[in-house]
Amino acid sequence: MLVPNLPKPKTPYEYPEHLREQVLAAPRAPGVYLFFAEDGDLPLYIGKSVDIRARLLSHLRTQEEAHLLRQTRRIEYRLTAGEIGALLLESKLIKELQPLTNKRLRRKKRLCSIRLQGLTPELVDTTWENTGQLYGLFKSRKAAKEALLELADQERLCHTLLGLEHPSGRACFRAQIGKCAGACCGKETREAHHQRLQASLAQWQVYRWPFAGAIALYESCSTLQEYHVINQWHYLGTYSTEEAARQASSSAPQPFDADSYKILVRPIIFGLCNIIDFSTNALTAQFP
């Protein structure tokens with residue numbers, strides 16, 4: 001009688017003994033934590049959490065995380081006054097220290113967006129010097145073009161009117177097989193095509209900086225308070241007093257920063273944080 005090969009029960013991962021005391025000593029507070037190997041000063045990994053100890057204890061969910069902990073010999077942490085501060089500090093440290101296992105937040109030299117020029121989309125570098133509304137934050141022109149192609153398939157948009165193919169003076173091939181609604185051959189108006197394109201691009205809208213100059217986001221936790229200075233979506237630093245934050249706000253505006261934008265757009269646009277507008281000295285949002 002053949003015995004079926006039953007899967008072996010998974011062995012639960014256990015926290016390495018040499019890290020137990022360090023984890024139990026970690027604070028139950030927001031901040032950033034860094035894993036270091038025995039040799040060298042560069043971190044293996046940088047993470048963030050609103051509860052550092054709880055996040056450290058959860059680092060045994062996969063075999064890869066368990067392997068990372070076995071390599072780790074030292075854990076450091078830096079407290080922040082809230083979640084926004086933890087996100088901004090994590091992004092800053094990853095760019096500065098280039099840890100071995102963090103890839104997502106490493107510095108990107110250039111980004112590409114889509115802008116409508118009349119009825120036609122065009123690909124441009126993501127800068128605030130561009131006039132008109134920008135859509136999407138793509139890592140390259142190739143990625144932006146691929147996104148446009150996918151959008152065309154979803155909404156039956158015409159490649160010719162999107163500037164992806166040269167006009168031929170007749171119905172495009174995609175119209176002949178039903179993948180284009182026919183704006184290239186009169187089956188629908190170009191205005192209707194443009195309205196559908198605009199509605200589809202709205203999901204990728206890049207919000208322009210809504211203030212005249214620099215602002216500070218205020219966070220507090222226990223005895224710690226922080227003022228995060230932002231200008232043109234660029235993170236200029238965190239300060240412990242409003243006076244120091246105001247001095248930093250006089251720095252020249254920096255180029256658009258995609259990582260800061262992704263962290264800050266929702267709290268700022270929807271007023272989900274305490275904001276001090278240095279150009280008007282107004283507190284524009286306040287929460288307990």
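Predicted model: local features only at pLDDT ≥ 70, side-chain atom pairs only at ≥ 80, totals over all residues.

Me: How many disulfides does a search of the whole structure find?

Reply: Zero, across the whole structure. Take Cys172: its closest cysteine sulfur is in Cys184, and at 3.7 Å that is too far for a bond. Cys185 is in no disulfide either, with the sulfur of Cys184 nearest at 4.5 Å.

Me: On to cores. Which residues touch the most other members of the largest nonpolar core?

Reply: The general idea is that nonpolar side chains tend to be buried together in soluble globular proteins. Here the largest core has 22 residues, and Ile215, Leu217, Ile230, Trp233, Leu264 and Ile268 touch the most other members. Two or more residues come from each of α4 (83-97), β8 (215-221) and α9 (258-269). The biggest giver is α9, with six residues.

Me: And what does Leu217 touch?

Reply: Leaving out residues up to four places away in sequence, its contacts include Ile84, Ile230, Leu264, Ile268 and also His228.

Me: Where is His228 found, and is it buried or exposed?

Reply: His228 is in strand β9 (residues 224-231). It counts as buried because its relative accessible area is 0%. Its side chain makes a polar contact with the side chain of Thr238, at 2.8 Å. His228 also touches, among others, Ile84, Leu88, Glu219 and Tyr235.

Note on methods. Residues numbered from 1 in each chain as written. Heavy atoms only, no water. Helix = DSSP H or I, 4+ residues; strand = E, 2+ residues; numbered from the N terminus. Buried < 20%, exposed > 50% of the residue type's maximum accessible area, 1.4 Å probe, protein only. Polar contact = N/O pair within 3.5 Å; in protein donor to acceptor, adjacent residues only side chain to side chain. Contact = heavy atoms within 4.5 Å. Disulfide = S-S within 2.5 Å. Core = buried A, V, L, I, M, F, W, Y, C linked by side-chain atoms within 4.5 Å.
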